[in-house]
Amino acid sequence: QVQLVESGGGLVQAGGSLRLSCAASGRGFSSLSMGWFRQAPGKEREFVAVIRWSGDYTYYGRSVKGRFTISRDNAKNTVYLQMNSLKPEDTAVYYCAAAGVETFYRDTRDLESEYDYWGQGTQVTVSS
């Protein structure tokens, strides 16, 4: 069992930056694929990024590539999402998610169904 708690959300102006954190508890964090998703009002949940268990490979959704960076610290059981050049369309609830080690290698790594554990979400609002 893995519990995930996100933090770091808030209100920021367009062009600004925020850093989200996701603290994990439970066993086996260093062997998990860790992802971020987001959901805007009235829209489906969208894949943002995923990072391999070792932290050396990452994969991003098209809408955030080049602006967002996912990273992890296995010693602290924490995954991060650094968000730069934020746009109003980035406004959403951001969710941290955990999956097995094999998820990162699958073509379906960007699907919600691949992830077994979810945090409660943190709100990010970008004003224009």
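## Surface patch

Trp53, Val101 and Tyr105 make a nonpolar surface patch of about 280 Å². Patches consist of residues with over 30% relative accessible area and no salt bridge, nonpolar side chains (Val, Leu, Ile, Met, Phe, Trp, Tyr) being joined within 5 Å and like charges within 9 Å. A salt bridge is a side-chain nitrogen of Lys or Arg within 4 Å of a carboxyl oxygen of Asp or Glu. Areas come from the Shrake-Rupley method with a 1.4 Å probe, and for residues only the protein chains shown count as cover.

This is a predicted model, in which local features need pLDDT of at least 70 and side-chain atom pairs pLDDT 80 or more, while totals for chains, interfaces and linings use all residues. Residues are numbered from 1 along each chain as its sequence is written, and side-chain values use heavy atoms, without hydrogens or water.

Val101 sits in the loop between β9 (92-99) and β10 (117-118); strands are DSSP runs (E, at least two residues) numbered from the N terminus. Val101 has 34% relative accessibility and therefore counts as partly exposed (buried is under 20%, exposed over 50%, partly exposed in between).

## Nonpolar cores

The largest nonpolar core has 29 residues, and those with the most contacts inside it are Met34, Trp36, Leu81, Met83 and Tyr94. Two or more residues each come from β3 (18-25), β4 (33-39), β5 (46-51), β7 (68-73), β8 (78-83), β9 and β11 (122-127). Another core, of seven residues, lies apart from it and includes Phe37, Val50, Phe104 and Tyr115. A core is a set of buried Ala, Val, Leu, Ile, Met, Phe, Trp, Tyr and Cys residues joined through side-chain atoms within 4.5 Å.

Neighbours within four places in sequence aside, Met34 is in contact (heavy atoms within 4.5 Å) with residues including Leu4, Cys22, Phe29, Ile51, Ile70, Val79 and Cys96.

## Aromatic pairs

Rings of Phe, Tyr and Trp (its six-membered ring) pair if their centres lie within 6.5 Å; planes under 30 degrees apart are stacked, over 60 edge-to-face, and the rest tilted. By this rule there are six aromatic pairs. Phe37 and Trp118 have ring centres 5.0 Å apart and planes at 55°, so this pair is tilted. Phe37 in β4 and Trp118 in β10 are 81 residues apart. Phe37 is buried at 1% relative accessibility, whereas Trp118 is partly exposed at 26%.

Phe47 and Tyr59 form a tilted pair, 5.8 Å centre to centre with 35° between the planes. This pair links β5 to β6 (residues 58-60), across 12 residues. Phe47 is buried at 10%; Tyr59 is partly exposed at 33%. Phe37, Phe47, Tyr59, Tyr115 and Trp118 form one aromatic cluster.

Methods
Helices (H or I, at least four residues) and strands (E, at least two) are DSSP runs, numbered from the N terminus. Buried means under 20% relative accessible area, exposed over 50%, partly exposed in between (1.4 Å probe, protein chains only).
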